[in-house]
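Reader: I have this model open and I'd like to learn to read it feature by feature. Can you walk me through?

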Amino acid sequence: MSIHIGHHFFGAGNLGDDLMLAGFLRAAPPAWRGRLTCCVPHDRAALAARFPEVQWLPYEPGAREQAIRSCAAWLGLGGAPFQSNVSRWFVDHLAEEGRLCAAAGKPMYFLGVGVQDPASLELPELQAVIRQARRVWTRDDASADLLADRIPSVTVAAAADLAHLQLAALPPPRAEAGRFTAALNFEFAEWPGLAGALRATDALAVRERVWAAQEARDLPGAERWLHARLPESERARWRLQPVETLAAWPSGEWQLSSRYHGTLIGAWAGSRAVVIGTNAKLRAAAAETGYPLAAGDDPHPAWTELFGRSRPPDPARLQGRARLAAQACAEFFAAVG
């Protein structure tokens with residue numbers, strides 16, 4: 001029998017998803033590699049080339065139902081599935097997956113997941129799916145606390161993002177002196193404090209400004225979309241760099257981040273970052289790494305002060321996160337049996 005990975009965002013063109021999946025596959029016992037299935041609406045051939053350990057299936061009703069009926073367990077793997085502030089796409093997906101698992105009598109688990117917006121936990125259909133889960137391992141303490149508070153019946157454990165396992169094994173390039181890296185995404189919107197944040201780089205000894213595009217698609221609010229909408233004089237100061245692999249990450253001495261996995265990459269690279277806390281997952285990333293947090297609802301944060309007190313995280317702190325992620329994976333596979 002297989003383990004069916006029930007999250008369907010893999011292959012959408014986001015480096016963070018790849019890192020998290022790669023970390024999970026590192027932790028998977030050899031007996032389970034090749035016995036993993038996942039239904040996705042994206043390029044399955046490209047995914048199979050990168051992750052041959054997984055059988056990539058079409059995101060169609062029949063394939064989803066058959067994969068769940070044939071599995072030993074359903075696994076909600078990584079990301080921030082508990083969200084509804086942007087749209088209901090994930091809630092609707094999980095509700096259908098929960099119905100299929102209930103009909104087939106299959107156990108559900110969540111591993112390495114986070115809460116993006118706490119309000120989503122008030123939705124009855126999402127609460128029902130979470131209650132179906134035999135256990136939830138979150139990727140941060142705040143998500144575990146929220147779940148335990150809002151849905152007391154759930155068995156939840158605070159762990160760490162599975163990308164830490166990949167970042168520990170294959171770290172990103174080390175932070176380059178004098179480089180400032182922007183890793184920005186604002187969930188289908190703009191952020192009023194961005195212009196001030198970019199002007200604040202003038203107070204630092206910056207010789208190169210790089211706009212890292214962690215997202216391959218030109219989605220509203222994502223890196224390419226934001227870069228294209230900068231005033232021409234400002235855009236000319238920033239080199240747009242697509243990032244399809246970890247080796248291509250333009251690690252900078254300083255980093256401005258509103259990307260969850262971009263923040264983790266910057267931490268492992270040794271950057272001095274500031275995190276823009278526009279949602280719960282970014283606030284959790286700042287707490288996890290120890291980076292200063294710029295409030296997402298403040299259009300005029302004290303940038304000079306924030307960058308002045310930012311320091312690269314202690315490597316021991318990051319290794320501890322990797323150990324937590326490995327422990328959560330071991331507990332999951334032990335539970336599946």
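Reader: How many strands form the open sheet, and in what order?

Author: Strands are DSSP runs of E with at least two residues, helices are runs of H or I with at least four, and both are numbered from the N terminus; two strands pair if DSSP finds at least two bridges between them. Here seven strands make an open sheet, ordered S3-S2-S1-S4-S5-S6-S7, with parallel pairing. S3 (54-58) and S7 (156-158) sit at the edges with a single partner strand each, so one side of each has no neighbour in the sheet. On average, neighbouring strands are turned by 20° against each other, direction ignored (axes are lines fitted to C-alpha atoms, for helices over the stretch in contact; angles run from 0 to 180 degrees between N-to-C directions).

Before we go on: this is a predicted model, so local features need pLDDT of at least 70 and side-chain atom pairs count only at pLDDT 80 or more, while totals for chains, interfaces and linings use all residues. Residues are numbered from 1 along each chain as its sequence is written, and side-chain values use heavy atoms, leaving out hydrogens and water.

Reader: Over how many bridges do S1 and S4 pair?

Author: S1 (residues 2-5) pairs with S4 in the parallel sense over four bridges, and Ile 3 stands opposite Ala 73 in S4. H1 packs on this sheet, touching S1, S2 (36-40), S3, S4 and S5 (108-113), and its direction makes about 140° with that of S4. Contact means heavy atoms within 4.5 Å.

Reader: Is H1 mostly covered or uncovered?

Author: Buried means under 20% relative accessible area, exposed over 50%, partly exposed in between (1.4 Å probe, protein chains only). H1 is mostly covered, with eleven of its 13 residues buried, including Leu 19, Met 20 and Phe 24. At its start, a side-chain oxygen of Asn 14 comes within 2.8 Å of the backbone nitrogen of Gly 16.

Reader: And where is Leu 75?

Author: Leu 75 is found in S4 (residues 71-77) and is buried, with a relative accessible area of 0%. Setting aside neighbours within four places in sequence, its contacts include Ile 3, Phe 24, Leu 111 and Phe 332.

Reader: How many residues does the largest nonpolar core have?

Author: A nonpolar core is a set of buried Ala, Val, Leu, Ile, Met, Phe, Trp, Tyr and Cys residues joined through side-chain atoms within 4.5 Å. The largest has 56 residues, and Phe 10, Phe 24 and Phe 332 are among those with the most contacts inside it. Helix H14 (residues 315-336) gives the largest share, six residues. Apart from this core lies another, of 23 residues, among them Leu 198 and Trp 225.

Notes: Polar contact = N/O pair within 3.5 Å; in protein donor to acceptor, adjacent residues only side chain to side chain.
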